[in-house]
Amino acid sequence: MASTKAARIGEEVWKTRVDKVNAELVTLTYGTIVAQLCKDYDSDYVEVNKQLDKMGYNIGMRLIEDFLAKSNTGRCANFRETAEMISKVGFKIFLNITPTVTNWTSDNKQFSLIFEENPLVDFVELPDDGRAQDELWYSSILCGILRGALEMVQIQIEAHFISDVLRGNDSTEMRVSLIRYIDDEMPADDE
């Protein structure tokens, strides 16, 4: 009995350490990717943002399958339910954070995600060339991930950051807008 309890405790300690190492590895790897993009695009931060968003989109298209398998959830009834699922389940599963869903528009087609914490920005300082503070959205990959994942479940959105603690703002806020629900369409050649 005691050895079983000790084994469980050892497993929990190992899992906690592995999760911490994995989170730090992701953070450092992401930082390296952003730095390389800044170098490759000669500090054209608008283009770096586009590339991060594009990378995120491709990741999101593949990540949705893992999300659906891990969360064991069905289709959301509306955009509000989708927002809660993104915040409380999606971000929790993959980044172990839970951003706050707030600032809904009256038509329920736009909301904000407020990030109290963002593991992607641990150990990060923006380049001090003066332009990075105004042009670089360091976590743009998250916008792309949401776009790609939601498109795979027939929801087209637009997402962008409107504030970031790395830029000296009080909070990090992503704005998410519903563009449309995508109808299942048959290819033109199919009958």
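I began with Cys76, which sits in the loop between α2 (45-71) and α3. A reminder to myself: this is a predicted model.

I then asked what Cys76 touches, leaving out residues up to four places away in sequence. I found Glu81, Thr82 and Met85. I also looked up Val153: it is 77 residues from Cys76 in sequence, and the two C-alpha atoms are 9.9 Å apart in space.

Next I went to Ser87, which belongs to helix α3 (residues 79-95). Buried or exposed? I have Ser87 down as buried, because its relative accessibility is 1% and the cut-off for buried is under 20%. Setting aside residues up to four places away in sequence, I listed the contacts of Ser87 as Lys92, Ile97, Thr98, Pro99, Thr100, Val101 and Leu113. I took a second look at Pro99: its backbone oxygen is 2.3 Å from a polar atom of the Ser87 side chain.

Then I turned to backbone angles. Asn103 is not a glycine, yet I read a positive phi of about 55° for it. I placed Asn103 in the loop between β1 (100-102) and β2 (110-115). I noted Asn103 as partly exposed, because its relative accessibility is 39%, and that class runs between 20% and 50%.

My last stop was Phe123, another residue other than glycine with a positive phi, here near 65°. I located Phe123 in the loop between β2 and α4 (132-135). How accessible is Phe123? I got a relative accessible area of 63%, so I wrote Phe123 down as exposed, the cut-off being over 50%.

Note on methods
Residues are numbered from 1 along each chain as its sequence is written. This is a predicted model: local features need pLDDT of at least 70, side-chain atom pairs count only at pLDDT 80 or more; totals for chains, interfaces and linings use all residues. Side-chain values use heavy atoms; hydrogens and water are left out. Helices (H or I, at least four residues) and strands (E, at least two) are DSSP runs, numbered from the N terminus. Buried means under 20% relative accessible area, exposed over 50%, partly exposed in between (1.4 Å probe, protein chains only). A polar contact is a pair of N or O atoms within 3.5 Å; within protein, one must be able to donate a hydrogen and the other to accept it, and residues adjacent in sequence count only if both atoms are side-chain atoms. Contact means heavy atoms within 4.5 Å.
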